[in-house]
Amino acid sequence: MDDIVVENLWKIYPGNIAAVKGISFKVEHGEVFSLLGPNGAGKTTTISILTTLINPTKGVAKVGGYDVVTQANKVRSIIGLVPQDVVTDDDLSGWDNLMIQASLYHLPRSVAVKRAEELLEFMELKEFANKKTETYSGGMRRRLELAAALLHRPKILFLDEPTLGLDVQVRTAVWNYINRLRKEEDMTIFLTTHYMDEADKLSDRVAIIDYGEIKIIGTPKELKDSLGGDIIEIQLISDQIKREEVQKILSSNGNGSVKEVSIGDSGLLRIKTANGEEVLPEIITKLYEKGYKIKSVDLKKPSLDEVFLQYTGKRIRDSEVSSEETRRERAIMRRRR
Ligand SMILES: Nc1ncnc2c1ncn2[C@@H]1O[C@H](COP(=O)(O)OP(=O)(O)OP(=O)(O)O)[C@@H](O)[C@H]1O
C-alpha cells in the first residue's frame, strides 16, 4: 500500500515564485524515503504541503489515503512532524514539553504519561526529563523533538532536515534512533536532507530535487549504479607517455569491465569500470612493467554526491550547508533569549 501519493504537485508563492513544479512520487508503507536537494530546492515546501501546513497551488497529494487539502484533519491525526526549526520550549523541562505536545493531540493523561516514559527511555533522555531544555545539547533537543512527534503513535513520520546543524557524531547517533524506529515500529518515514551520506545511510529510496523538480528517484544503490561504476585515477610521473601503449594497457583489463578511459596531457589516466578493486592492480602492474612511474592512485566509488552532480550539473556546496546550519543555530539562539 502507498502511504504517500503525490501527483503533479505545484506550489507557486506570491510573486510568481514556483517552489515546486509538478512533482510526482509514491512512498510505500514501511519505507524510509528521502527528498534530497540543496537550499531552496523545494524540500520544505513539499513536506509542508504533505503535513497540511500549506496548500498546494495545483495537483494532488494524499497521505495515508487522505487528501491533504480536503481531509487535512484526518491527515494530521496519523502523522508526526519534526520541523526544521526548534520547537521545544526552553523554559520547560523535557517532560513538560512532552505533556504539552500530548495535550495538543488530546491524549488522555494516563496514556500520555506512559508513552512519554517509554519514549524518553527509547531516546535515552530519561535522566534529563526534569531538566529545562535550555540545558540540552543540540542532539538531545532533536531526540526530544522526535519523542514529541511520536507521542500519538503516528503511522507516518515526517522529518525536515533531522540532523541540520548537529555535529558529525551527534548526527550518527540521531541516525541510529531513526534506524531503530524503522526496525521496531511499523512506520513510514519521509525525510528531507541536503546531506548525501544521510540520504544514503537511512533511505530505502531517494528522490533528488532541484529547482522544484524531481531529477531522479531510486534506491541509493540504483542511483549510484546508474553512474556506471567506479572511477580510477592514476597520475603518472613520466611526461613521455606513449599514448597508444597506455591506451592498450588501460583498455585490455578487467575482462571487459573497463568502460571508458581517458589520458590527460598532464599524465592523468581516468578509467571508468564496474569493479575498480579488480582492475586497479592489473593496470598498475602492467604500467610498471612498461616502465611508467606512478605518482598517485585514487579509486573513487560512486557516491550520491556524484549522482547529484550527474543529474543537476552541480555539487551541493559547503557554503549552502553552512548557511543552513547558521540559520538553525540562530533559531536556537532566538529561543534562548
Ligand atoms: N513563503 C514563501 N514565500 C515566497 N517564497 C518562498 C516561501 N517559502 C519558500 N519560498 C521560496 O521557494 C523556494 C523553495 O523553498 P523551500 O524552503 O521549499 O526549499 P528547501 O529545499 O526546503 O530549502 P531550505 O532547506 O533552505 O528551506 C525557494 O526559492 C524559497 O525562497
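1. Residue numbers start from 1 along each chain as its sequence is written. Because the model is predicted, local features need pLDDT of at least 70 and side-chain atom pairs count only at pLDDT 80 or more, while totals for chains, interfaces and linings use all residues.

2. The protein chain splits into domain 1 (2-224) and domain 2 (228-301), with bounds from an automatic or database domain assignment. Their centres, taken over C-alpha atoms, are 45 Å apart.

3. Around the ligand there are 12 residues, of which Tyr13, Ala19, Lys43, Thr44 and Thr45 come nearest; near means that the C-beta atom, placed from the backbone, lies within 6 Å. Helix 1 (43-50) and strand 2 (17-28) each supply at least two residues of this shell, and helix 1 gives the most, with 3 residues. Helices (H or I, at least four residues) and strands (E, at least two) are DSSP runs, numbered from the N terminus.

4. An open sheet of 6 strands runs in the order 6-7-8-3-9-10, with mixed pairing; two strands pair if DSSP finds at least two bridges between them. Strand 6 (79-82) and strand 10 (213-218) are the edges, each with a single partner strand, so one side of each has no neighbour in the sheet.

5. Strand 3 (residues 32-36) and strand 9 (residues 205-210) are parallel, paired over 4 bridges. Within strand 9, Ile208 is the residue opposite Leu36.

6. Helix 5 (residues 138-150) packs on the sheet and touches strand 6 and strand 7 (156-160); contact means C-beta atoms, placed from the backbone, within 7 Å. The direction of helix 5 makes about 160° with that of strand 6, where axes are lines fitted to C-alpha atoms, for helices over the stretch in contact, and angles run from 0 to 180 degrees between N-to-C directions.

Definitions and conventions:
Contact = placed C-beta atoms within 7 Å.
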